[in-house]
Amino acid sequence: MMEKKASAIIEACKTAKSTNPIEIFNTIAKEDFVAIHGPEHHVLDGASILTAYKNAGGEINLENGLAWMMEQGLKMPGAACGFWGVCGSVTSIGAALAFIDGTGPLSTDGSWGKHMEFTSKAVKRMGEINGPRCCKRDGYISLEAAIDFINENYDVTLEKSTISCDFSPENKQCIGERCPYHK
């Protein structure tokens, strides 16, 4: 089931033309194959970054990158945020950055540390807001942090839009005004 959803996400990314990962995310997240909460985000969030990065002129093989995102995203179980203390959205984007830089566990070129700084910044922001989980809110936090990180550290510029969440009515656990993206 999840493999089918992940494949649909990857196919949707292949047709996206935007350099704004938030726009790519929102467009795909509204599709029937993406639940309001779920491990779909472990593929979608990083795939949105890779797609926007390539569209902005980033020199990556997008086909290979999206295959990497699907492989990595499917390894992360749902509810990792609550049971493991790390959000699948931020790990998804961490995997996207690893693909862009060719980073692995033995990398010494500085990318390993920079990726850790990115992920810790995003997770810290999630912790400040607190739970319960919201895959859209946490995705937005991760995407905004990733856009800033990429724009500061790479030779591409990703667009960044103001976020106003359209998903609140579907989220039974929406935190309302505590959410920075709540309308």
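Is Lys4 buried or exposed? Let's begin there and then walk through a few other places in this predicted model.

1. **Lys4.** This residue is exposed, because its relative accessible area is 68% and anything over 50% counts as exposed. To find Lys4, look in helix α1, which covers residues 2–15. While you are there, look for Phe33 as well: Lys4 and Phe33 are separated by 29 residues in sequence, and their C-alpha atoms are 8.5 Å apart in space.

2. **How α3 and α6 are arranged.** Two packed helices are described by the angle between their axes and by the distance between those axes. Here, helix α3 (residues 41–55) packs with helix α6 (residues 88–101) at an angle of about 40 degrees, and the axes are 7 Å apart. The two helices are therefore oblique to each other, since angles under 35 degrees would count as roughly parallel and those from 65 to 115 as roughly perpendicular. The crossing of α3 past α6 is right-handed.

3. **Who meets whom between α3 and α6.** On the α3 side, the contact is made by His41, His42, Val43, Asp45, Gly46, Ile49, Leu50 and Tyr53. Their partners in α6 are Gly88, Ser89, Ser92, Ile93, Ala96, Phe99 and Ile100.

4. **The loop between α7 and α8.** Two residues are worth a visit here. Asn130 lies in this loop and has a positive phi of about 80 degrees, although it is not a glycine. Asn130 counts as exposed because its relative accessibility is 52%, and the cut-off for that label is over 50%. Pro132 also lies in the loop, which runs between α7 (111–129) and α8 (135–153). The peptide bond joining Gly131 and Pro132 is cis, with omega at about 5 degrees.

5. **Ala79.** You will find Ala79 in the loop between α4 (62–73) and α5 (80–84). With a relative accessibility of 39%, Ala79 counts as partly exposed, because that label covers values between the buried limit of 20% and the exposed limit of 50%.

Conventions
Residues numbered from 1 in each chain as written. Predicted model: local features only at pLDDT ≥ 70, side-chain atom pairs only at ≥ 80, totals over all residues. Heavy atoms only, no water. Axes fitted to C-alpha atoms, helices over the stretch in contact; angles between N-to-C directions. Helix = DSSP H or I, 4+ residues; strand = E, 2+ residues; numbered from the N terminus. Parallel < 35°, antiparallel > 145°, perpendicular 65-115°, else oblique. Left-handed = near helix turned anticlockwise from the far one by under 90°. Contact = heavy atoms within 4.5 Å. Buried < 20%, exposed > 50% of the residue type's maximum accessible area, 1.4 Å probe, protein only.
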